[in-house]
Amino acid sequence: MTPLKRLFGDGFRVFFLAAGLFAFVSMGVWEGYQIVQALGGMLELPTAAPPHLWHAHEMIFGYGSAALAGFLLTAVPSWTGAKSAPHRFIAVVAGLWLAGRLAVWTSGHLPPALVAALDLAFVPVLAANLLTQLIRRPKPQQMIILAILTAFWIANLMVHLEWVGLTADTAWAGLRAGLLTLGAMIMVLGGRVTPGFTKNAMVQSGRETGLPRNPMPLAALAIAAALTQPVGYLLGAPEPWLAPFALVAGTAGFVRVALWRGLWTRDKPILWTLHLSYALNALGFLTLGLAQLGLTSDLAALHLLGIGGVGGMTLAIMSRATLGHTGRALVAPRPVALAYALIPLAALVRFAGAELPAAHTAAILVAGALWLLAFGLFTVSMWPVFWGPRAARRTAGAAPT
């Protein structure tokens, strides 16, 4: 099998590679724009939207959708026992994702309706494929993923409706709803894999007591409260109405992660990064609730959730799934372990910059540099794994999904 065919043989290979490259390139563009601005210059981008909106949109619907696609195309067949998507399908949906990215990047030179059509085509095709698999063994905890994916697509639609000129003020709500659907997805999927992987590792180490606990009522509370946030923004609910639910989501998330024996993972980066990312996601919801009450900056809350929660959890899952599904030991390479530490640091720096106006520009540049270093380390370290053959056998660790 050629490396190119192998790349499109598994959803995690092409989409996790695309996510890593896009996270680096798109942040590099944003970082360059900020540097030129700080020096008093003006950098013209070929996008129709202002640079800050392009940056927000592509981090959410560009990077986020690639990471999500890679995970779902890999995990859903494992959950349902269905065959994985064939090479041709993976190549087609990867092409649709790339077409959307190129369309949004060159949107200043294209009809807005064409940009919208190209960017909005990816998620429905992906969701249709997942539906054909999930419907074989429908379970509420899995079917909810399709509902969240639908909300994610509607959020992107709201952005494009304003950019096309059909609505007056829906992009703001669409961007927030898109990010918060990713945060809610972490409440669902992160709340499943984090205690599960930790328990597997503890049992394999010989431990039989003091295992992670994941009470279903608490999980349901955290997930339901988190889902009110994207739905509320999509429906135009006043932010003070949403605040109590965001506070409940964050609090319930913290209680959940406290029950998962995170301290046991302190010498296992591939595990502690899951715990830390889930905690930062919960903290993002908690601070968002405070922001909705006017007690803190919503920009700070959203970046904490976006960088620390979404960025951290996706980096953790992408690296773990790639190692596991290629037959390698579930031990993070040192560059990737360093990347795990850099993302939370970037989130905290960006959070501080949003709360301290005097440090705003410096914080953007430092946080961006940390993000670039993290995803540079991830992409370079995992590059041969994405393109290379499966290892003969996995030498350590628990099942990847």
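What follows is a short exchange about charged pairs.

Modeller: This is a predicted model, where local features need pLDDT of at least 70, side-chain atom pairs count only at pLDDT 80 or more, and totals for chains, interfaces and linings use all residues. Residues are numbered from 1 along each chain as its sequence is written, and side-chain values use heavy atoms, leaving out hydrogens and water.

Colleague: How many salt bridges does a search of the whole structure find?
Modeller: The search finds 5, counting a side-chain nitrogen of Lys or Arg within 4 Å of a carboxyl oxygen of Asp or Glu.

Colleague: What does arginine 101 form a salt bridge with?
Modeller: Its partner is glutamate 58, with the closest N and O atoms 2.6 Å apart. Arginine 101 sits in helix H4 (residues 87-105) and glutamate 58 in helix H3 (residues 51-80), so the pair ties together parts 43 residues apart in sequence. Helices here are DSSP runs of H or I, at least four residues, numbered from the N terminus.

Colleague: Is glutamate 58 buried or exposed?
Modeller: Buried, at 1% relative accessibility; arginine 101 is buried too, at 5%. Buried means under 20% relative accessible area, exposed over 50%, and partly exposed in between (1.4 Å probe, protein chains only).

Colleague: Moving on, which residue pairs with lysine 268?
Modeller: Aspartate 267, with the closest N and O atoms 3.0 Å apart. Lysine 268 is partly exposed at 27%, while aspartate 267 is exposed at 57%.

Colleague: Which residues do shared partners join into one network?
Modeller: Glu58, Arg101 and Asp119.

How values were computed: Helices (H or I, at least four residues) and strands (E, at least two) are DSSP runs, numbered from the N terminus.
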